[in-house]
Amino acid sequence: MKTKYGFTLFTIDEFEAWITQQQVARTVLSLQMHHTWIPNYSHFKGNNHLEMQRGMQYVHKVINGWSDIAQHFSIFPDGTIATGRTLEWNPACIYGNNSNALCIENIGNFDKGEDEMTSQHKDAVVRASAAICKRFNLKVDADYVVYHHWFDLGSGMRTNGMGITKSCPGTNFFGGNSVEDAEANFLPLVSAIVNPPVIIPPVDWYGSVTAHRLNIRNLPSSKGTVINVTSLGAILRVYEENNGWIRISAGNQEWVYARYVMRLGHGVVIPKGLNVRSGPSTKYNKVGLLKEGDAVFVYEEQSGWYKISLDEHWVAGNYVNLD
Ligand SMILES: [Zn+2]
């Protein structure tokens, strides 16, 4: 972190921590995405972040006559991010649409054939946008995260790129500056950080219910409330064992008594086709055919053959790859 000329420069890690601490009285309802066009990557020397920030402030205040630098944040080619205008003021970034907005300027010209955004810069834009959306409860969609290009310069109306518009944040900004481009490319990257995909824990083992009916309880105990019932032959995924009880849900407290669950082997079929027979040898009739990659549950083994259901369905064990 570095402070100079009244601006603070953060790494993206520092920014993510800082933004969560900011108290802002103004209501924030949108996040605007821009590129500076000028200055561009050729003006960045690796250590002149805040000099560039001061230069933009000079143009905005002295030349344009605005109250301060237009943007709240500038993101640089090396993935650092600088503060600009106070968060308590509207930005001066999209004509007619600055109320309740926050504005990010990306240093560079991201029109096709111009600056190629660095991977550090991309990472910082995505993470800073996600951190801002989280902090101000902005939904990650094209109503709340907006590109300058979507607004008519004359009327200030949202036209989604029709009429007279800037190309900002660039015709090559994360693959394009249209609403469809944002929805296909940029917004999913932001959304994945704000709402990370649920990670499913691995299954510890599989089991088959051996009781006619088996209560599912909310605790690993017969004192737990019955929340559901499973029945004979049902295949359960087991994630945890606790004192004779097993948890059968990845994310929820759903427990059954382990005594009524038979542990099964689990594997996949190796060859293109595998005959299922009515008994544990080639003398028995074919009753079915499995194909490569099919999952099988193994109930029993007899002389190299696997019983793969409660019924008399058998396959040759050599052709199954067990976990
Ligand atoms: Zn712009």
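**Helix 2 and the sheet**

Tutor: Strand 1, strand 2, strand 4 and strand 5 are what the buried residues of helix 2 pack against. Contact means C-beta atoms, placed from the backbone, within 7 Å. Helices (H or I, at least four residues) and strands (E, at least two) are DSSP runs, numbered from the N terminus. This is a predicted model: local features need pLDDT of at least 70, side-chain atom pairs count only at pLDDT 80 or more, and totals for chains, interfaces and linings use all residues. Residues are numbered from 1 along each chain as its sequence is written.

Student: Which residues of helix 2 are buried?

Tutor: His49, Leu50, Gln53, Met56 and Gln57. Buried means 20 or more other C-beta atoms within 10 Å of the residue's own, exposed 12 or fewer, partly exposed in between, with C-beta atoms placed from the backbone. Seen down the axis of helix 2, the buried residues fall within an arc of 115°, so they line one face. That arc is taken over the directions from the helix axis to the C-beta atoms.

Student: And what is exposed on the other side of helix 2?

Tutor: Tyr58, Val62 and Ile63.

Student: What follows helix 2?

Tutor: Gly65, with a positive phi near 80°.

Student: Now the sheet. What is the strand order?

Tutor: The order is 1-2-5-4-6-3-7, in an open sheet of 7 strands with mixed pairing. Strands pair if DSSP finds at least two bridges between them. The edge strands, each pairing on one side only, are strand 1 (2–4) and strand 7 (145–147).

Student: In what sense do strand 2 and strand 5 pair?

Tutor: Antiparallel, over 2 bridges. Phe10 stands opposite Ile81 in strand 5.

Technical notes: Contact = placed C-beta atoms within 7 Å.
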